[in-house]
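Good morning, and thank you for coming.

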Amino acid sequence: MTLRQQWLTVLAIIVALAMLLGLGVFAMRDELFPVAVGSQAPAFEARAVDGSGTVRTLADYRGKVVVLNIWATWCAPCIYEMPSFARLRKAVPDSNLGIVAVSIDELLDADSLSAFARNLGVNFDILLDSTTQVARDYQVTGYPETFVIARDGTIRKKWIGPLEWDSPANVALINGLLEKR
């Protein structure tokens with residue numbers, strides 16, 4: 001084997017190892033890069049059900065504190081929790097607070113979801129992601145799952161299951177994040 005052939009073999013081995021490493025990182029990305037408190041919130045996009053049909057993204061809420069809830073209409077704990085977001089909106093009327101509930105319903109259209117949310121007394125943004133991409137990007141493990149995202153895009157609280165979001169502790173958390181510049 002010539003010197004050139006040896007170098008080509010070494011190069012081929014290095015390329016193959018790099019490809020294996022890349023595949024391994026891709027396959028293990030959830031374990032290597034978890035969505036957790038202190039991490040950057042993943043970007044998302046979902047369709048508004050307010051009749052405009054616009055696609056909203058996390059960037060649309062830039063500079064705001066965001067309470068991002070991932071839920072579904074078939075989820076009883078999700079429905080139980082919804083009024084507490086409405087009460088949170090009333091308790092913290094600051095326009096720099098974005099409360100966003102992303103439904104992962106696959107069988108409902110935007111009009112049906114809008115009517116469903118209206119019946120719950122929702123006074124915040126409802127988005128629809130029937131592809132469930134938002135849930136995958138946020139590594140959701142149960143419904144409902146809620147993320148409090150600070151103005152700088154870092155996740156400050158992650159909660160699986162229903163919670164009273166208008167509790168004094170949660171209102172204090174939100175107000176504290178709103179005060180930080």
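Let me start with terms: helices (H or I, at least four residues) and strands (E, at least two) are DSSP runs numbered from the N terminus, and two strands pair if DSSP finds at least two bridges between them. What you see is a predicted model, in which local features need pLDDT of at least 70, side-chain atom pairs count only at pLDDT 80 or more, and totals for chains, interfaces and linings use all residues. Residues are numbered from 1 along each chain as its sequence is written, and side-chain values use heavy atoms, with hydrogens and water left out.

I begin with the sheet. Seven strands make up an open sheet of mixed pairing, in the order E2-E1-E5-E4-E3-E6-E7. Its edge strands are E2 (55-57) and E7, each of which pairs on one side only. From one strand to the next, the twist averages 30°; axes here are lines fitted to C-alpha atoms, for helices over the stretch in contact, and angles run from 0 to 180 degrees between N-to-C directions. Helix H6, residues 168-179, packs on this sheet and touches E3, E4 (97-103), E6 and E7, where contact means heavy atoms within 4.5 Å. The direction of H6 makes about 135° with that of E3.

Let me now turn to strand E6, residues 145-149. With E7, residues 155-160, E6 pairs in the antiparallel sense over five bridges. Within that pairing, Glu-145 stands opposite Ile-160 and Phe-147 stands opposite Lys-158. The two strands form a hairpin with five residues between them, and Gly-153 in the turn has a positive phi of about 90°. On E3, residues 65-71, the pairing with E6 is again antiparallel and runs over five bridges. There, Ile-70 has Glu-145 as its bridge partner.

How many of the residues of E6 are buried? Five of its five residues are buried, meaning under 20% relative accessible area, with exposed set at over 50% and partly exposed in between (1.4 Å probe, protein chains only). In a regular strand the side chains alternate between the two faces of the sheet. In E6, Glu-145, Phe-147 and Ile-149 point one way, while Thr-146 and Val-148 point the other way.

That brings us to the core. A nonpolar core is a set of buried Ala, Val, Leu, Ile, Met, Phe, Trp, Tyr and Cys residues joined through side-chain atoms within 4.5 Å. The largest one has 49 residues, and among those with the most contacts inside it are Leu-68, Tyr-138, Phe-147 and Ile-149. E3 supplies the largest share of this core, six residues. Leaving aside residues up to four places away in sequence, Leu-68 touches several residues, including Phe-44, Tyr-138, Phe-147 and Ile-149.

Aromatic rings come next. The structure holds six aromatic pairs, counted when the ring centres of Phe, Tyr and Trp (its six-membered ring) lie within 6.5 Å; planes under 30 degrees apart are stacked, over 60 edge-to-face and the rest tilted. Ring pairs link Phe-44, Tyr-138 and Phe-147 into a cluster.

Which cysteines form a disulfide? Cys-75 and Cys-78 do, with sulfur atoms 2.3 Å apart; the rule asks for a pair of cysteine sulfur atoms within 2.5 Å, and by it the count comes to one. The torsion about their S-S bond is about 80°, so the disulfide is right-handed. Both Cys-75 and Cys-78 are buried.

Some backbone details deserve a word. Most residues other than glycine have a negative phi, and most peptide bonds are trans. Thr-132, however, has a positive phi near 60°. Thr-132 sits in the loop between strand E5 (125-128) and helix H5 (133-137), and counts as buried because its relative accessibility is 15%. Beyond four places in sequence, Thr-132 touches Ile-104 and Glu-106. Gln-139 also has a positive phi, near 55°. This residue is found in the loop between H5 and E6, and at 17% relative accessibility Gln-139 counts as buried. Pro-144 lies in the loop between H5 and E6, and a cis peptide bond with omega of about -5° joins Tyr-143 and Pro-144.

Is Trp-7 buried or exposed? At 59% relative accessibility, Trp-7 counts as exposed. Its C-alpha atom is separated by 59 Å from that of Asn-96, 89 residues apart along the chain.
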